[in-house]
Amino acid sequence: MKMEYTFSQIEASELKKYPLLSCCMRDGVLFPEAYKKSSLKIAFVLKEPYASWDDKSNSPMDCDYDFFDIIRDLKYHYEHDLNKTWLKVSAIAYALKNKTEYTEALSYEQVVEGLSCVAWINLSKTPWQTTTKIDAAYKERVAVWEPVVKAQFAEIAPDIVFYGNTWELSYVNPIEPEVSWQTGFCSDEKKYEYKSEGGNTYKIFISHYRNTNKILVNGYHPELGNSAQWQTDFIKNYLNS
C-alpha cells in the first residue's frame with residue numbers, strides 16, 4: 001500500500017535522526033470496517049505522540065504506548081478504567097452520532113460504537129516530549145509527515161474535523177487534501193466561549209467547510225479538564241443552529 005510505503009520511508013529517516021527511538025506512531029481509523037459504515041465520521045487532530053526522553057542525548061526514546069493496544073485490548077481497558085483520553089473521545093463521538101447528552105458513563109458497547117466513528121491523526125508521527133514546544137523543530141516534524149497526513153485525510157473522508165490546539169499547525173486541507181488552504185474556506189463560523197470555575201475563558205470556533213456539510217472545529221485537546229463535555233455541547237448547538 002502506498003501510504004504504508006511512504007510511512008516506512010519517513011520512519012526510517014526519523015529513526016536515523018533519533019537512534020534511541022524504536023518506532024514512530026501508526027495511527028488513523030480505529031475500527032476500519034465499522035468506520036466505513038458509520039453514519040458519522042470524526043477525525044481528531046492532535047500534535048504528536050508522547051515519548052520517554054533521554055536528557056543526555058536530548059532525544060526521544062520510545063512511544064509511551066502502542067496506538068492499537070487500546071483497540072486490541074479494549075475490553076480489558078474498559079473493565080480496568082479505560083484511558084481517560086479514549087473514554088472522552090468515545091463519549092464525544094457517541095453523543096454527536098446519537099444526538100444524546102455527553103456522558104462518560106458508557107457501556108462497553110457504547111464505547112465501541114463511539115470509537116467506531118473515530119480517526120485519530122497525529123500531525124507528527126515522531127514521538128516527542130510530553131509538552132510539545134511549537135517551535136521550528138516541531139514544525140519541521142509536521143512538514144516531514146505531511147505526505148502521510150494528506151493520504152490519511154484522503155482515505156478517511158471525515159464529516160467533522162476536531163482540531164485539539166492544532167488548528168494553526170496543520171498544513172493539510174482535511175476535506176480536500178489536494179487543494180491548498182485559502183481564505184474563505186471556512187463559512188458560517190461561530191465563536192463559543194466557556195468560563196471555568198477558576199475564571200479562565202476558553203474560546204472555540206466552529207464552521208462549515210466551503211458551504212458544505214463538513215464541519216471544522218478549532219478547539220482544545222479532549223483531555224483538557226471537562227472540555228470534552230462543553231465542546232460537545234457547542235458542536236451540537238452549532239449543528240442544530
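A salt bridge here is a side-chain nitrogen of Lys or Arg within 4 Å of a carboxyl oxygen of Asp or Glu. Keep that cut-off at hand for the later stops. You are looking at a predicted model, where local features need pLDDT of at least 70, side-chain atom pairs count only at pLDDT 80 or more, and totals for chains, interfaces and linings use all residues. Residues are numbered from 1 along each chain as its sequence is written, and side-chain values use heavy atoms, with hydrogens and water left out.

**Stop 1: the sheet**

Switch to a cartoon view and colour the strands. Seven of them form an open, mixed sheet, ordered β1-β5-β2-β6-β9-β8-β7. Helices (H or I, at least four residues) and strands (E, at least two) are DSSP runs numbered from the N terminus, and two strands pair if DSSP finds at least two bridges between them. At the edges stand β1 (28-29) and β7 (186-195); each has a single partner strand, so one side of each lacks a neighbour in the sheet.

Now select 42-46 and 160-164: these are β2 and β6, paired in the parallel sense over four bridges. Pick A43, and you will find its bridge partner in β6, V161.

**Stop 2: the helices across it**

Select 84-98 for helix α5, which lies across β2, β5 (118-122) and β6, at about 135° to β5. Axes are lines fitted to C-alpha atoms, for helices over the stretch in contact (heavy atoms within 4.5 Å), and angles run from 0 to 180 degrees between N-to-C directions.

Show side chains for the contact, including W86, L87 and Y94 of α5 and Q110, V111 and L115 of α6.

**Stop 3: salt bridges**

The whole structure holds 13 salt bridges. Zoom to K125 and D27, whose side chains meet at 2.8 Å, N to O. K125 sits in the loop between β5 and α7, and D27 in the loop between α1 (2-17) and β1, 98 residues apart. Are these two buried or exposed? Both are buried, meaning under 20% relative accessible area, with exposed over 50% and partly exposed in between (1.4 Å probe, protein chains only).

K75 is partly exposed, at 41% relative accessibility.
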